[in-house]
Amino acid sequence: MASEQEVRARLRRAGQEHLLRFCAELAPGPRAALLTELEPLEPEALREHCQRAAAACARPPGPPPDLAARLRPLPPERVGSVIRSDPEARRLWEQEGFHQIALNKVAVLLLAGGQGTRLGVTYPKGMYQVGLPSQKTLYQLQAERIRRVEQLAGEHHGTHCTVPWYIMTSEFTLGPTAEFFKEHDFFHLDPNNVVMFEQRMLPAVTFDGKAILERKDKVAMAPDGNGGLYRALADHRILEDMERRGVEFVHVYCVDNILVRMADPLFIGFCVLHGADCGAKVVEKAYPEEPVGVVCQVDGVPQVVEYSEISPETVRLRAPDGGLLYNAGNICNHFFTRSFLQVVTRQFEPLLKPHVAVKKVPHVDEEGNLVKPLEPNGIKMEKFVFDVFQFAENFVAFEVLRKEEFSPLKNADSADKDNPTTARRALLTQHYRWALQAGAHFVDVHGARLPDLASLPSTGEPPAVCEISPLVSYSGEGLEVYLQGREFQSPLILDENQVRALQP
């Protein structure tokens with residue numbers, strides 16, 4: 001370990017010597033911990049990081065003045081759609097996806113480094129229960145979808161196959177996530193096929209370019225954004241691990257979407273058959289001002305433009321068919337070839353520009369008192385996973401139905417959307433819909449039929465509670481044999497035990 005003098009000299013070169021201002025009064029243990037944390041920070045990189053953060057924050061907010069003239073929707077030949085494609089095309093895409101999964105060429109990669117600050121929990125978001133009857137967490141739902149898609153691909157092709165699960169964590173989430181998976185026996189996945197790795201951390205910075213002390217003995221650090229994926233892949237030799245396993249295609253997604261379809265065969269097959277090196281699932285924007293990034297082209301190059309960067313006039317533009325011109329909402333659900341990820345990590349990662357996130361960062365003041373700010377006081381610099389779209393040689397977008405595939409969990413129930421209630425409701429409504437489509441009927445305590453699909457409200461609770469285990473059905477398939485022509489009272493919990501009881 002470097003000495004205090006060595007660390008101090010390095011911080012002086014970076015203009016950040018204030019990080020050691022309480023060092024003399026620390027006990028040996030905390031002092032050693034602080035020096036260990038500071039030692040890996042390269043002086044030049046630290047100075048540049050702090051200066052860049054302050055400069056980026058000083059730039060005026062809002063869209064670049066010339067962006068509207070440079071913006072175009074994706075060309076139609078680059079966009080596929082679950083909604084607008086014919087059944088035969090969907091069948092071929094799905095068939096190809098299952099084929100690649102059966103060949104062990106598909107992996108899933110989970111972005112799970114963020115803290116659940118807005119959700120109001122102190123543990124990783126994947127460990128959260130939204131209140132399902134089964135009490136399953138997001139991690140368990142995702143693990144079971146992996147098991148089911150492996151099973152379906154194996155049945156299609158008469159083979160045993162594996163979809164490895166790579167989980168990018170951070171300093172905050174690695175320990176609790178690893179412990180949670182061990183406690184739950186990896187949800188019956190082979191632990192050798194669950195690979196956890198850690199993204200880098202960067203210091204939070206004041207508006208005048210000084211790294212922030214969270215405590216006398218700790219720098220305020222934050223994960224480097226989901227775009228930290230590309231450095232982390234290189235740091236931990238993840239692409240070499242994929243190559244060893246024969247993985248060619250990677251499905252990357254965020255932890256918080258309760259409806260995410262792991263290694264979705266339809267999406268994988270569409271991308272593979274179109275020769276894509278990079279792809280993004282999108283949903284139609286709910287309304288012009290919806291605060292989601294838009295997948296489009298800037299100067300002919302695919303990218304995601306943040307909603308805050310597009311002018312109100314531009315977001316309201318209409319296409320000839322009457323729909324929004326810029327309607328492809330980004331949902332952080334992506335396809336990459338391994339070879340594309342290799343090129344990104346070796347060549348393009350240094351070109352990614354960090355984005356500014358202005359946050360309330362707890363810190364110690366000059367006297368060493370802990371301050372919990374009421375207003376934003378610091379900057380966290382993040383890279384975004386989608387910023388590599390611009391480097392793709394063959395980028396595609398794939399439109400899916402929001403009600404089937406996108407309901408993020410970002411906020412506590414005190415917020416009016418993207419909260420535990422909306423996530424739970426989205427999943428249970430989807431399962432109620434699947435059951436009705438499979439020929440089930442639900443009745444109340446008096447035996448009267450509950451509403452069918454046409455009568456389902458777009459918001460609010462479904463008429464009956466119906467939860468279908470991912471181990472029974474991945475996307476609504478195969479339910480007729482258990483449900484067709486049968487009547488059920490709420491709640492119906494269709495898991496492996498219930499399926500055995502319902503088998504004809």
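Colleague: What percentage of the contacts in the chain with a separation of 6 or more is accounted for by residues 24 or more positions apart?

Modeller: In this predicted model, residues 24 or more positions apart account for 76% of the contacts in the chain that have a separation of 6 or more.

Colleague: How does the radius of gyration of the chain relate to that of a compact globule?

Modeller: A compact globule of 504 residues would have a radius of gyration near 23 Å, and the chain, with 24 Å, agrees with that value. Taken along the principal axes, the box filled by the C-alpha atoms is roughly 75 × 50 × 45 Å, and 53% of the 504 residues count as buried.

Colleague: What can be said of the surface and of the charged side chains?

Modeller: The accessible surface of the chain is about 22,700 Å², and carbon and sulfur atoms contribute 50% of it. As for charge, there are 55 positive and 67 negative side chains, with the centres of the two sets 2 Å apart.

Colleague: How should I read a sheet, and which strands form the open sheet of 3 strands?

Modeller: In general, the strands of a sheet pair through backbone hydrogen bonds, and they do so either parallel or antiparallel. Here the open sheet has the order S7-S19-S16, with antiparallel pairing; its edge strands are S7 (205-206) and S16 (355-359), each of which pairs on one side only. Between S16 and strand S19 (residues 378-382), which run antiparallel, there are 5 bridges, and Val358 has Ile379 in S19 as its bridge partner.

Colleague: Which residues other than glycine have a positive phi, and where do they lie?

Modeller: The background is that most residues other than glycine have a negative phi. Among the exceptions here is Gln135, with a positive phi of about 60°, which lies in the loop between strand S3 (106-111) and helix H6 (138-157); Gln135 is exposed, because its relative accessible area of 53% is over the 50% cut-off. Asp185 also has a positive phi, near 55°, and lies in the loop between helix H7 (174-183) and strand S5 (194-198), but Asp185 counts as partly exposed, with a relative accessible area of 47%.

Colleague: Where is there a cis peptide bond?

Modeller: Most peptide bonds are trans. The bond from Ser490 to Pro491, however, is cis, with omega near 0°, and Pro491 is found in the loop between strand S23 (487-489) and strand S24 (492-494).

Conventions:
Residues are numbered from 1 along each chain as its sequence is written. This is a predicted model: local features need pLDDT of at least 70, side-chain atom pairs count only at pLDDT 80 or more; totals for chains, interfaces and linings use all residues. Side-chain values use heavy atoms; hydrogens and water are left out. The radius of gyration is taken over C-alpha atoms; the globule rule is 2.2 Å times the number of residues to the power 0.38. Buried means under 20% relative accessible area, exposed over 50%, partly exposed in between (1.4 Å probe, protein chains only). Contact means heavy atoms within 4.5 Å. Accessible areas come from the Shrake-Rupley method with a 1.4 Å probe; for residues, only the protein chains shown count as cover. Lys and Arg count as positive and Asp and Glu as negative; His and the chain ends are not counted. The place of a charge is taken as NZ of Lys, CZ of Arg, CG of Asp or CD of Glu. Helices (H or I, at least four residues) and strands (E, at least two) are DSSP runs, numbered from the N terminus. Two strands pair if DSSP finds at least two bridges between them.
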